[in-house]
Amino acid sequence: TAPTTTYTYATPKADGLVDVCALTDLGVERGAGALVGPHQVAVFRLSDDSVRVIQLHDPYAGANVLSRGIVGTHWLPGETEGEGAEVLILTSPIYKQVWNLDTGAVIDAAGRGEHPVAVFTAQVRDGRVLVDPDAEDAAGVLDPDAPIDLKRFMGTWYVIGNIPTRPEREAYNAYLDDLRRR
């Protein structure tokens, strides 16, 4: 079957969280791009139905592609032998850098300098994914004054979906089909 794309507006709730989408709109261990407040983010649904949200911009590639990254786990050794912890990670789809999905810290810079990513607090409530638009940006990686081209990013609709890979490009895409009819 052809992949589907869901269209919805991201709307802020009374508690300041932004309602991004239904949890079921997200594929398990897949990412989707979203606009939360002034930030372009990557939203990931994990196998336990929890969600993680980080900035969409890959600081190494200079492109908004982190929603296409690979979700996994990595063992971080502790200070003494036998200590350590398994952490959730995201691997960049471009140059394969690896970040901790919970902290945004770089785990593997693939031979380059360390560029952490911003992490956003997210939760699932009543089957909806809610994101705090105020990032936990301890590393100062987000530029609050950076302009966002909303017309280019959002168009008429807010889009949650994956960018088609080469074999999927001939698949039906309701959004593109709608644009062609206009």
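A few ground rules first. Residue numbers start from 1 along each chain as its sequence is written, and side-chain values use heavy atoms, with hydrogens and water left out. As the model is predicted, local features need pLDDT of at least 70 and side-chain atom pairs count only at pLDDT 80 or more, while totals for chains, interfaces and linings use all residues.

**The whole protein**

The protein has two helices and 16 strands (DSSP runs, numbered from the N terminus: helices H or I of at least four residues, strands E of at least two). Of its 182 residues, 33% count as buried (buried is under 20% relative accessible area, exposed over 50%, partly exposed in between, with a 1.4 Å probe and protein chains only). The accessible surface, by the Shrake-Rupley method with a 1.4 Å probe, comes to about 10700 Å², and carbon and sulfur atoms hold 50% of that.

**Salt bridges**

Side chains of opposite charge can pair when their charged atoms come close. The whole structure holds four salt bridges, each defined as a side-chain nitrogen of Lys or Arg within 4 Å of a carboxyl oxygen of Asp or Glu. Among them are these:

| Pair | N to O distance |
|---|---|
| Asp15 and Arg125 | 2.9 Å |
| Arg45 and Asp49 | 2.8 Å |
| Arg52 and Asp102 | 2.5 Å |

The Arg52 and Asp102 pair links distant parts of the chain, with Arg52 in strand E6 (residues 51-55) and Asp102 in the loop between strands E11 (98-100) and E12 (106-108), 50 residues apart. Arg52 is partly exposed at 21% relative accessible area, and Asp102 is partly exposed at 39%.

Asp15 and Arg125 also form a salt bridge. Asp15 sits in the loop between strands E2 (11-12) and E3 (18-22) and Arg125 in strand E14 (residues 122-125), so this pair ties together parts 110 residues apart in sequence. Asp15 is partly exposed at 43%, as is Arg125 at 34%.

**A closer look at Arg45**

Arg45 belongs to strand E5 (residues 39-45). Beyond its neighbours within four places in sequence, Arg45 is in contact (heavy atoms within 4.5 Å) with residues including Leu23, Gly27, Glu29 and Val51. Arg30 is 15 residues away in sequence, and its C-alpha is 6.4 Å from that of Arg45.
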